[in-house]
Amino acid sequence: MKKQLLLGDEAIALGALHAGLSGVYAYPGTPSTEITEFIQANPLAQERKVHSRWCTNEKTAMEAALGMSYAGKRALVCMKHVGMNVCADAFVNSAITGVNGGLVVLAADDPSMHSSQNEQDSRFYGKFAMIPILEPSTQQEAYDMMAEAYELSERLRLPVLMRVVTRLAHSRASVEVKDNPRDVNAFAPATEKNWVLLPAIARRQYASLVEKQKEIAEAAEQSRFNSSTRQLVNSSTKTGVIACGIGYNYVCEAAPENALVLKVSHYPLPERQVKALAEQCREILVVEDGQPVVEQDVRGMLGCDYSVKGRLTGQLPRMGELTPDNVAAAFGKAVEPAYATAKNLAPRPPQLCPGCGHRDVYTALNKVAAEYPGARIFGDIGCYTLGALPPFQSIASCVDMGASITMAKGAADAGLRPAIAVIGDSTFTHSGMTGLLDAVNDHSPITVIISDNLTTAMTGGQDSAGTNKFEAICLGLGVEPEHVRVVVPLPKNMDEITRILREEIEYDGVSVIIPRRECIQTFKRHAKAK
């Protein structure tokens with residue numbers, strides 16, 4: 001064994017490689033991005049030719065990983081929590097087909113919405129699919145869990161969901177790692193018919209999944225990642241604590257000496273251990289980062305007469321991530337602010353980078369939209385979402401990946417004119433193309449701006465799936481050639497850009513304008529490399 005200083009994401013990636021990984025499939029999304037980036041740069045991955053190219057979206061990632069599992073190889077699919085919504089169809093059905101090679105689905109949740117549009121807890125997806133869930137409390141566990149996750153996956157012939165949160169994914173710790181990585185699985189495609197989910201087969205497979213629930217529950221009961229950290233003694237005065245994932249670290253800092261602590265990092269919730277804890281305590285405090293998943297389960301196990309506290313009862317905040325301070329406050333400890341509040345500092349909201357091409361796009365859009373009193377600009381997920389803030393304040397909506405085009409279409413269907421969609425290059429290929437096809441089929445009077453900066457900029461400059469293909473994609477989807485226009489977003493071209501915007505807004509059909517200029521950050525990196 002040797003020690004390395006690793007991010008939680010890096011520990012997951014290295015654990016997967018040392019467990020015999022053959023492929024990682026992912027779409028970039030904070031806080032999961034560094035997992036794939038670490039594998040892409042790792043010498044062992046390069047030596048073994050581990051597949052690590054970015055996918056177009058999370059659904060294609062999940063399906064490709066399932067295909068690798070079908071072939072008998074170990075696969076990892078990574079995404080942030082909202083990506084689980086995109087891949088849900090394939091994810092849930094993978095529990096019905098089962099797996100061949102081990103398959104781990106990594107969901108990185110973002111409590112407090114540091115870079116996300118909601119506070120979603122991926123443990124609900126694991127429960128919904130009826131598969132095992134792992135939630136490491138430390139970087140060391142994140143590394144160790146990967147090998148056991150693949151063993152568990154292949155033993156149960158089911159995918160395993162691993163859930164981490166931002167604070168674990170993006171913090172570093174010393175991790176002991178193996179010197180002898182496991183060999184990759186031999187190529188051995190599945191031969192069973194259970195991969196064809198016709199109703200008769202799916203019903204049989206679902207019955208098999210239900211039958212496995214006892215084995216899945218027993219694996220959690222016996223898991224070394226679930227443990228009572230202090231000896232249970234006969235007493236009715238002690239406080240019981242169930243600490244989940246990263247919350248365990250804060251409990252170790254803040255819990256009183258006589259508290260009995262059950263650490264939970266392997267689900268389903270170990271019922272026997274929970275009931276044993278309850279027998280020794282007057283009440284239980286559930287400390288979990290995210291939504292009250294375990295708190296609700298414990299209430300169901302122990303009944304309404306037993307006192308269970310946590311996020312639902314106000315001992316912990318209902319929203320936001322756990323912190324050492326709010327966990328300490330849940331134990332009744334006074335918390336003093338570590339630093340005095342700074343005074344006389346002007347607020348500094350996030351802004352588009354100086355020199356960013358999106359700036360010129362919004363400058364032109366605002367100028368032209370002002371000429372149309374009813375104009376609405378529908379935004380999307382990416383750097384350009386900052387167009388909602390000063391100084392531009394351009395976009396009227398931002399809901400989910402790809403929504404700009406279909407929302408503009410729906411607004412146009414309702415009679416809104418003009419309806420303009422702004423979407424980035426990576427987001428367009430992720431989930432904007434189908435919306436554009438709908439608009440073409442309906443001959444919707446919308447103007448679509450694909451602001452192409454030649455990369456997936458918001459997550460650090462990863463490859464964008466459609467680079468140098470957007471004109472061909474739009475033409476293939478049926479946009480008329482004369483209404484696919486390319487411009488270079490620079491101040492010197494402002495007259496040309498605004499003229500083209502007016503022409504396409506006046507067109508009674510689907511038009512696409514592609515402002516194309518490399519992201520200023522990747523441009524700097526490329527220039528430095530040269």
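User: Which elements each supply at least two residues of the lining of the largest pocket?

Analyst: Two elements each give at least two residues to that lining: α5 (83-86) and α18 (425-442). This is a predicted model, where local features need pLDDT of at least 70 and side-chain atom pairs pLDDT 80 or more, while totals for chains, interfaces and linings use all residues. Residues are numbered from 1 along each chain as its sequence is written, and side-chain values use heavy atoms, with hydrogens and water left out. A pocket here is an open set of points on a 1 Å grid over the protein atoms alone, where a 1.4 Å probe fits, with protein on both sides within 12 Å along at least five of seven lines, and lining residues have an atom within 4 Å of a point; again, the elements are α5 and α18.

User: Which element gives the most to that lining of the largest pocket?

Analyst: The lining holds 38 residues, and Ser115, Ile381, Gly382, Met401 and Met458 lie nearest the pocket centre. With 5 residues, the top contributor is α18.

User: How many residues of helix α1 are buried?

Analyst: Helices are DSSP runs (H or I) of at least four residues, and strands (E) of at least two, numbered from the N terminus; α1 covers residues 8-18. Buried means under 20% relative accessible area, exposed over 50% and partly exposed in between, with a 1.4 Å probe and protein chains only.

User: Which residues touch the most other members of the largest nonpolar core?

Analyst: A nonpolar core joins buried Ala, Val, Leu, Ile, Met, Phe, Trp, Tyr and Cys residues through side-chain atoms within 4.5 Å. The largest one has 108 residues, and helix α8 (residues 139-156) gives the largest share, 8 residues. Apart from that core lies another, of 48 residues, including Leu352 and Ile513.

User: What is the distance in space between Val484 and Val286?

Analyst: Val484 is in strand β17 (residues 484-487) and is buried because its relative accessible area is 14%. Contact means heavy atoms within 4.5 Å, and, leaving out residues up to four places away in sequence, Val484 touches Glu471, Cys474, Leu475, Val479, Val512 and Ile514. Val286 is 198 residues away from Val484 in sequence, and the C-alpha to C-alpha distance is 55 Å.

User: Is Ser112 buried, partly exposed or exposed?

Analyst: Ser112 is in the loop between β4 (103-109) and α7. Its phi is near 80 degrees, a positive value in a residue other than glycine. Most residues other than glycine have a negative phi. At 30% relative accessibility, Ser112 counts as partly exposed.

User: And what relative accessible area does Gln393 have?

Analyst: Gln393 is in the loop between β14 and α17 and has a positive phi of about 50 degrees although it is not a glycine. Pro391 lies in that loop between β14 (376-378) and α17 (403-413), and the bond from Pro390 to Pro391 is cis, with omega near 10 degrees. Gln393 is exposed because its relative accessible area is 56%.
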